[in-house]
Amino acid sequence: MTASYESGQLSPDAVRRMFDRIAPVYDAMNRTMTAGLDQRWRRTTAAAVVHPGDDVLDACCATGGLAIACARTGGTVTGLDFSERMLERARRKAAGLKWVRGDLLALPFADGSFDAATVGFGVRNVEDLERALSELRRVLRLRGRLAILEITRPRGLLAPFYRLWFDGVVPLIGKLVPGGSAYTYLPASVRRFPGPEDLSAVITAAGFEVVRYRLFAGGIVALHTAVAR
C-alpha cells in the first residue's frame, strides 16, 4: 500500500477509503497547504462559470467548499462525492444544498441536466480522466460551462520551493494527522497528472471548446475553463 501511495496510483476503493479517513482534517490541511488561498481560488472558480439561476454540478465536492461558493454566486447547486464522510461534513456546512453520493465516472444524472459544472482538486484522483471529462460533458447542456481547479507543477523560480513544500513538508505534516498516508499520495498524484497544456488537450477531446487556463500562486494551481460544444 505504501508503494501505491508514493506512486500516486490507487484503486477507486482505496481513494475513497483514503478520503473517508482524512475527512476530519481535510479543511484544516487545505488551509495549511495553501496558506488560506484555497478559499479565494474556489470563489474565483465559481465566478468564472456560474451565472445566477444556473443549475450547477460540483463534482468531487469533498466537504463542500466549492459547491457553497457556487451557491453564493447564484447557482442552484448539487454537490457530488463518493466519500460519505466528506459528504457528512458538507451537509453540516450547508444543509440546504443537494448532496449526492456518487461516482464522477458514472454520474447519476440525465444528459443535459446542468448549466455549469465545477471540480475542485478532484480530477487528478479519478481512475480514468478522459471518461470523467466525457461524463461532465454528457450532463452539461449545450454551451454549458466547465471549470476545473487543480494543483499543477510550476516551472521556473518557484519549482524548487514547490518540491520542498509538496514533496517534503506536506507529507511530514500529514504524518501528524489521521490518514497521513494521503499526504504522501498528494504530491505523487500531482506528478503523474497532465500539466496545464496537456489537460487542455484532454478537455478539448472530451467535447469542449474555448478551453482556457489561468495559473495562480506562481503556477502551483491551474484553473481551466471551457464550454460544451
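Contact here means heavy atoms within 4.5 Å. You're looking at a predicted model, where local features need pLDDT of at least 70, side-chain atom pairs count only at pLDDT 80 or more, and totals for chains, interfaces and linings use all residues. Residues are numbered from 1 along each chain as its sequence is written, and side-chain values use heavy atoms, with hydrogens and water left out.

**The sheet**

- An open sheet is built from 7 strands in the order β3-β2-β1-β4-β5-β7-β6, with mixed pairing; strands are DSSP runs (E, at least two residues), helices are runs of H or I of at least four, and both are numbered from the N terminus.
- At the edges sit β3 (98-101) and β6, each pairing on one side only; two strands pair if DSSP finds at least two bridges between them.
- On average, neighbouring strands of this sheet are turned by 15 degrees against each other, direction ignored. For such angles, axes are lines fitted to C-alpha atoms, for helices over the stretch in contact, and values run from 0 to 180 degrees between N-to-C directions.

**Strand β5 and its neighbours**

- β5 is mostly covered, with 9 of its 12 residues buried; buried means under 20% relative accessible area, exposed over 50%, and partly exposed in between (1.4 Å probe, protein chains only).
- Strand β4 (residues 114-120) pairs with β5 in the parallel sense over 6 bridges. F114 stands opposite L140 in β5, and G120 has L149 as its bridge partner there.
- The chain gets from β4 to β5 through α7, and this β-α-β crossover is right-handed: with the strands pointing away from the viewer, the path from the first strand over the helix to the second runs clockwise.
- With β7, β5 pairs in the antiparallel sense over 7 bridges, and I148 has H224 in β7 as its bridge partner.
- A147 lies in β5 and counts as buried because its relative accessibility is 0%.
- R143, also found in β5, has a positive phi of about 70 degrees although it is not a glycine. R143 is partly exposed, with a relative accessible area of 43%.

**Helices α4 and α10**

- Helix α4 (residues 37-49) lies across β4, β5, β6 and β7, running at about 165 degrees to β5.
- In helix α10 (residues 196-205), the buried residues are P196, L199, S200, V202 and I203. They line one face of the helix, because they fall within an arc of 165 degrees seen down its axis; the arc is that of the directions from the helix axis to the C-beta atoms.
- On the other side of α10, D198 and A205 are exposed.
- The cover over the buried residues of α10 includes α7 (129-139), β5 (140-151), β6 (208-216) and β7 (221-228).
- After α10 comes G207, with a positive phi near 110 degrees.

**Nonpolar cores**

- The largest nonpolar core has 47 residues, and I22, W99 and Y183 make the most contacts inside it. Such a core is a set of buried Ala, Val, Leu, Ile, Met, Phe, Trp, Tyr and Cys residues joined through side-chain atoms within 4.5 Å.
- Apart from that one lies another core of 30 residues, among them V119, I148, V202 and A226.

**A loop residue**

- A62 is found in the loop between β1 (55-59) and α5 (65-72). Its phi is positive, near 55 degrees, in a residue other than glycine.
- A62 counts as buried because its relative accessibility is 7%.
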